[in-house]
Amino acid sequence: MRLVILDRDGVINKDSEDFITSPEEWKPIPGSVAAIARLYRAGYKVVVATNQSGIGRGLLDMDTLGRIHARMLDSVRKRGGDIDGIFFCPHKPEDACVCRKPEPGLLNEIADRFKMNLNGVYVVGDSERDIVAARRAMALPALVRTGNGRKTLKESGELDGVPVFDDLQAFVSTLLSSELKTH
Ligand SMILES: [Mg+2]
Ligand SMILES: [Zn+2]
């Protein structure tokens with residue numbers, strides 16, 4: 001089975017320092033929804049793994065997060081794609097949970113759910129914690145320059161050997177052209 005795991009904020013949709021707390025604030029990065037649809041048509045399962053500490057901070061509730069994700073799914077499905085799962089961490093950093101990236105808990109959950117290990121599976125993110133989580137889960141990290149990506153490129157000490165792409169669309173083009181190593 002071919003699987004790609006995506007961070008949400010800064011990869012699929014524009015990030016916000018004030019958190020995304022309503023469906024109206026969910027704005028896709030140009031090309032990202034079409035890129036997910038391309039993956040889907042190419043036979044990939046697409047799963048989202050996202051830190052949503054806004055829940056733990058009381059900035060939005062589960063119902064609202066569900067509506068935000070319904071909007072995301074709707075836009076992907078309108079493009080002829082789909083998302084096979086959305087895994088989120090609702091905790092605050094100080095909760096010291098095992099699922100908030102850079103912890104690998106969300107990714108391990110995905111591996112369990114799909115009954116596979118993550119060797120050869122790309123985790124696409126815009127922040128250092130995505131890269132670290134991917135490594136801890138034995139997956140392959142990839143960085144995009146959207147969202148927090150440019151800042152990560154400048155500041156992260158974890159980028160050794162991590163492929164970097166302008167955006168999700170560029171990642172998908174390269175993955176589907178088989179120019180990206182998966183082992
Ligand atoms: Mg992000
Ligand atoms: Zn958590």
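Me: At what angle do helix 1 and helix 7 pack, and how far apart are their axes?

Reply: This is a predicted model. In it, helix 1 and helix 7 (residues 168–176) pack at an angle of about 20°, and their axes are 8 Å apart.

Me: What makes helix 1 and helix 7 roughly parallel to each other?

Reply: Angles under 35 degrees count as roughly parallel. The angle here is about 20°, so helix 1 and helix 7 are roughly parallel to each other. The contact is made by S32, A34, A35, R38 and L39 of helix 1 with L168, Q169, V172 and L176 of helix 7. The crossing of helix 1 past helix 7 is left-handed.

Me: Why is helix 1 called mostly covered?

Reply: A residue is buried if 20 or more other C-beta atoms lie within 10 Å of its own. Eight of the ten residues of helix 1 are buried, hence the label. These are S32, V33, A35, I36, A37, R38, L39 and Y40. The cover over them includes strand 1, strand 2 (45–51), helix 3 and helix 7. After helix 1 comes G43, with a positive phi near 95°.

Me: How do you know that the span of helix 3 agrees with its number of residues?

Reply: The expected span is 1.5 Å times one less than the number of residues. Helix 3 (residues 62–78) has 17 residues and should therefore span 24 Å; the C-alpha atoms at its ends are 24 Å apart, which agrees.

Me: Which residues of helix 3 are buried, and why are they said to line one face?

Reply: L65, I68, M72 and V76 are the buried residues of helix 3. Seen down the helix axis, they fall within an arc of 80°, so they line one face. Their cover includes helix 1 (32–41), helix 2 (53–56) and strand 3 (85–89). The face turned away from the buried side carries the exposed residues D63, G66, A70, D74 and K78. Just after helix 3, G80 takes a positive phi of about 85°.

Me: Why is T64 called partly exposed?

Reply: The label goes to residues between the two cut-offs, 20 or more for buried and 12 or fewer for exposed. T64 has 16 other C-beta atoms within 10 Å, so it is partly exposed. T64 belongs to helix 3, and it touches T21 and S22, leaving aside residues up to four places away in sequence. From T64 to Q169 is 105 residues in sequence and 28 Å in space, C-alpha to C-alpha.

Me: What makes the phi of F19 and of A96 worth a remark?

Reply: Most residues other than glycine have a negative phi. F19 is not a glycine, but its phi is positive, about 70°. A96, also a residue other than glycine, has a positive phi near 50°. F19 sits in the loop between strand 1 (3–6) and helix 1, and A96 in the loop between strand 3 and helix 4.

Me: How is the exposure of F19 and of A96 decided?

Reply: F19 has 16 C-beta neighbours inside 10 Å, so it counts as partly exposed. A96 has 9 inside 10 Å and therefore counts as exposed, the cut-off for that being 12 or fewer.

Me: Is the peptide bond from K101 to P102 cis or trans?

Reply: The bond from K101 to P102 is cis, with omega near 25°. Most peptide bonds are trans. P102 lies in the loop between strand 3 and helix 4 (105–113).

Notes: Residues numbered from 1 in each chain as written. Chains lettered and ligands numbered in written order. Predicted model: local features only at pLDDT ≥ 70, side-chain atom pairs only at ≥ 80, totals over all residues. Helix = DSSP H or I, 4+ residues; strand = E, 2+ residues; numbered from the N terminus. Arc of directions from axis to C-beta. Contact = placed C-beta atoms within 7 Å. Axes fitted to C-alpha atoms, helices over the stretch in contact; angles between N-to-C directions. Parallel < 35°, antiparallel > 145°, perpendicular 65-115°, else oblique. Left-handed = near helix turned anticlockwise from the far one by under 90°.
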